[in-house]
Structures are given as structure tokens and as C-alpha cells.
Amino acid sequence: MPFTTDAAWPAGLLKIFEKCRQSRHELQPLENRYYGPYNKLLTYCFGPDTFEFFVAPQSPPSELSPPDYFEYIVFLVVFDVQRRPVLLAEIKDDAWAIRPELRFKADDQIRQRYDSMLYDCPLPRLWGLSLLGTSLRVYCGDVVTRDLGPVFESRPSPGRTLPRKFLGEAWNIDILSQEGFDKMKEVVGDIVSNVAAL
């Protein structure tokens, strides 16, 4: 059944995530274990039998990643048929949800993606998903005003380490839960209806 008529995530998709979650000790970087499942999830959400959208991995522009940058970052972008971004997804491993400095870094990185992609979005809003394992934080950038929500939270005290609970509730939706499914229905529905109106 297609995403538009389904009432919950398909069992097969949940099984893919479970198997990949168990593959913690592989030699590849941990984030890589989620790229395949999220590619499958996004393809399912936007219709595997349609050619109106496609999912593609992207690397950040070189100006965002200095040559000596040790962390190789890939994120997924859903494009419309004219290769304009309509949704972006930054994927990190589960451990990023536990440490405040990694949550702060994940928030900063997705905001940088918005700086480089919001101008190219043909819709009123560019949606973004920050995924720390299966913990989800949804972003929304207004193409006209350039406002981005949720509002940026700066370091409480620049000269000190981050408090343990900093941004601790920000990734409060498990994308594989019913709440996560419903949130994705809302996001994808908004995108599809706005593309249809172009």
C-alpha cells in the first residue's frame, strides 16, 4: 500500500531499521548504517512508483567543509523533477542524541544546509529532518521571509561547557513511532500539495 493511504509504517521498513540498528560493530562509520534505511523510508514516503520526486545523497559544499575537516558528512535530499530541493535530511548515529555538544553540532549543521539550499526551493517551505538514529527534529524554512524554525538556541554561557540537558528534548519524536509516521504524513502532504500547485 502507498504511504498516502497507509496508517502506519510497513513492517518491512521497521525490520530494515532494526537490522541496521543491530549492525553497530561494522567497520564503516556508524552514520552509514542509517543511510540505506532512510533512503528507503523517503522513497516510500514520496512514492516508489512515481517520477515526480527522487532522493539523492549530497555532500556539503567545499566552503562548509575545510580540506582538513575530519568528519565526512553526507545528507539526503528529496528533489522535485526539476532537481530543486523540497526536503533535506541530515542523518547521524544514535550517540548524537546523548551528548549536548553533538546535539548542538547537529543543529548547527542542518542550519548550514538551509543557508545553502533554501534559495533553491520552489515551494513556500523547505522542510528539514535532523535524525539522530531514529530521534527526529523537524525544521521548516520559510522561502520568502528566510525564517527558520525551530528558533536557534545559542550556548547558554559561551565560556563554559554545555549543560547536560541542553537541547535534550529537541529530538523528541521517534520517527518509527506512530507520532513519527503522522509527522511525516504532515510534512510529505504539505510538500506534495505544494508541488501539485506549481
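Good morning. Ring pairs join Phe3, Trp9, Tyr44 and Phe181 into a cluster. Before I continue, please note that this is a predicted model, in which local features need pLDDT of at least 70 and side-chain atom pairs count only at pLDDT 80 or more, while totals for chains, interfaces and linings use all residues. Residues are numbered from 1 along each chain as its sequence is written, and side-chain values use heavy atoms, with hydrogens and water left out.

The pairing rule takes rings of Phe, Tyr and Trp (for Trp, the six-membered ring) whose centres lie within 6.5 Å; planes under 30 degrees apart count as stacked, over 60 as edge-to-face, and the rest as tilted. By this rule there are 12 aromatic pairs. One of them, phenylalanine 3 with tryptophan 9, is stacked, at 5.9 Å centre to centre and 20° between the planes. Phenylalanine 3 and tryptophan 9 are both buried, where buried means under 20% relative accessible area, exposed over 50%, and partly exposed in between (1.4 Å probe, protein chains only).

Phenylalanine 104 and phenylalanine 152 form a tilted pair, with 6.2 Å between centres and 45° between planes. Which parts of the chain does this pair link? Phenylalanine 104 lies in helix H3 (residues 100-117), and phenylalanine 152 in the loop between strand E6 (148-149) and strand E7 (173-174), 48 residues apart. Helices (H or I, at least four residues) and strands (E, at least two) are DSSP runs, numbered from the N terminus. Phenylalanine 104 is buried because its relative accessible area is 17%, whereas phenylalanine 152, at 40%, is partly exposed.

Thank you.
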